[in-house]
Amino acid sequence: MQKNLTNKTIIITGSNSGLGLEAAKKFADLGNTVVLACRNAESGRNAERKIGKNSLFIPLDVSSRESMDNFVMKFGQKFSNLDILVNNAGVMLHPPQKTKDGTEITFAINYLGYFYLSLKLIPKLIGSVNPKIVSVSSISSYRVGKINWDYFDPSEKISSFKEKREIYEHTNLFRLMFSIELQKRLSERNIPIKSIACHPGVAKSKLGRYFFLAKLIYALPVMSSSKEGAKSIIFSCVNSSLNGGEFVGLNTKKQHKGDPIIVAPNPIVEIETQRNKLWQMTVEKYGIDL
Ligand SMILES: NC(=O)c1ccc[n+]([C@@H]2O[C@H](COP(=O)([O-])OP(=O)(O)OC[C@H]3O[C@@H](n4cnc5c(N)ncnc54)[C@H](OP(=O)(O)O)[C@@H]3O)[C@@H](O)[C@H]2O)c1
């Protein structure tokens, strides 16, 4: 394990709150430059003030391709290279909504944003020492027994609780499949970027904000803190012995709490044809590829 991650440039999406904010604090303390990629200017600037030295807010809404393009341009004007991208922004049980681009909101933020931003930032990662793309997923990815492809950019409204829960689970599985497939494709092209997925267990944050019961659960005193939850993100970024293609989870049976360790993903993730299908569907629909 590399102990001194320092002097790196690290982008964290959704770093004004929860796990992203905690990871950003840690990386700034270690002497890295952390780019706070947040959708709300006031919250982004607040986070920048809280963290202080070594942090910079650049606006980013991962539900909008225009915003992601602008972010990449602004980042490029300020930085010549990128060491680590942490795909962290996410939502759970979001009310029915389409994005400006016409995409279902949870799908857009939780999956498409990861795919699009990662591919856009690859040119900035190439040339850095030990560059990484770390993608946050969830233990909810294990709950998908068989992929329901209707959750790939659904045209129907996602309105019942069951649908909202299932699209959250599916998008977390898609994030994980993307991370593993990206590693395979990077390796085939001899691009030395490592793609690593991780999950935080269950930790206090604002993730439950869209559903009253979840809001209560995600604030319970027995829950791990956001700082605890950020451990798997930090481990994935700091650990230089990871080869790429791993899923970093926690060392307990249910993986709700614990210390970071490499874990086996949902067996669906290991099925290459399923990962390929997801990748191809994304490329065909959005016209972006590695
Ligand atoms: N906490 C857990 O137990 C847990 C468990 C499994 C997985 N996760 C995953 O961990 C990640 C972080 O969640 P959290 O628990 O820290 O929740 P959180 O406190 O709600 O943080 C989510 C962050 O994502 C940002 N975000 C949402 N939509 C965005 C968009 N369109 N563009 C840019 N940023 C956006 C939020 O910004 P705003 O504040 O502006 O909305 C916020 O900064 C998520 O991907 C979540 O799925 C968390």
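A residue is called buried here if 20 or more other C-beta atoms lie within 10 Å of its own, exposed if 12 or fewer do, and partly exposed in between, with the C-beta atoms placed from the backbone. Helices (H or I, at least four residues) and strands (E, at least two) are DSSP runs, numbered from the N terminus. The structure is a predicted model, in which local features need pLDDT of at least 70 and side-chain atom pairs count only at pLDDT 80 or more, while totals for chains, interfaces and linings use all residues. Residues are numbered from 1 along each chain as its sequence is written.

**Strands S7 and S4**

In S7, Phe247 and Gly249 point one way and Val248 and Leu250 the other way, and all are buried. Strand S4 (residues 84-87) likewise has both faces covered, with Ile84 and Val86 buried on one side and Leu85 and Asn87 buried on the other. In a regular strand the side chains alternate between the two faces of the sheet.

**Strand pairing**

Two strands are said to pair if DSSP finds at least two bridges between them. Strand S1 (residues 9-13) pairs with S2 in the parallel sense over 5 bridges, and Ile11 has Val35 as its bridge partner in S2. The chain passes from S1 through H1 to S2 in a right-handed β-α-β crossover, where right-handed says that, with the strands pointing away from the viewer, the path from the first strand over the helix to the second runs clockwise. Strand S2 (residues 33-38) is itself mostly covered, since 5 of its 6 residues are buried. S2 also pairs with strand S3 (residues 55-59) in the parallel sense over 5 bridges, and Val35 has Leu56 as its bridge partner in S3. From S2 the chain crosses through helix H2 (residues 41-51) to S3, and this β-α-β crossover is right-handed.

S1 is also joined to S4 by 3 bridges, the two strands running parallel, and the bridge partner of Ile11 in S4 is Leu85. S4 in turn pairs with strand S5 (residues 132-136) in the parallel sense over 4 bridges, where Asn87 has Ser135 as its bridge partner. A right-handed β-α-β unit is made by S4, H4 and S5.

S7 and S8 pair in the antiparallel sense over 3 bridges, and Leu250 has Pro260 as its bridge partner in S8.

| Strands | Sense | Bridges |
|---|---|---|
| S1 and S2 | parallel | 5 bridges |
| S2 and S3 | parallel | 5 bridges |
| S1 and S4 | parallel | 3 bridges |
| S4 and S5 | parallel | 4 bridges |
| S7 and S8 | antiparallel | 3 bridges |

**The nonpolar core**

A nonpolar core is a set of buried Ala, Val, Leu, Ile, Met, Phe, Trp, Tyr and Cys residues joined through C-beta atoms within 7 Å. The largest such core has 77 residues, of which Ala24, Val86 and Ile233 touch the most other members. Helix H4 (residues 105-125) gives the most to this core, with 11 residues. Two residues are in contact if their C-beta atoms, placed from the backbone, lie within 7 Å. Leaving aside neighbours within four places in sequence, the contacts of Val86 are Ile10, Ile11, Ile12, Thr13, Ala23, Val134, Ile233 and Cys237.

**The shell around the ligand**

A residue is near a molecule if its C-beta atom, placed from the backbone, lies within 6 Å of it. There are 31 residues around the ligand, and Gly14, Gly18, Gly90, Ser138 and Ser205 come nearest. Helix H1 (residues 18-29) gives the most to this shell, with 3 residues. By class, the shell has 13 nonpolar, 15 polar and 3 charged residues, where Ala, Val, Leu, Ile, Met, Phe, Trp, Tyr, Cys and Pro count as nonpolar, Asp, Glu, Lys and Arg as charged, and the others, Gly among them, as polar.

**Loop and end positions**

Asn190 is found in the loop between helix H5 (161-188) and strand S6 (194-198), and its phi is near 55 degrees, a positive value in a residue other than glycine. Asn190 counts as exposed because 6 other C-beta atoms lie within 10 Å. Gln255 is placed in the loop between strand S7 (247-250) and strand S8 (260-262), with phi near 60 degrees, again a positive value in a residue other than glycine. Gln255 counts as partly exposed because it has 18 C-beta neighbours inside 10 Å. Asp289 is found in the segment after helix H9 (272-286), and Asp289 is exposed, with 11 other C-beta atoms within 10 Å. Asp289 and Trp279 are 10 residues apart in sequence and 8.7 Å apart in space, C-alpha to C-alpha.
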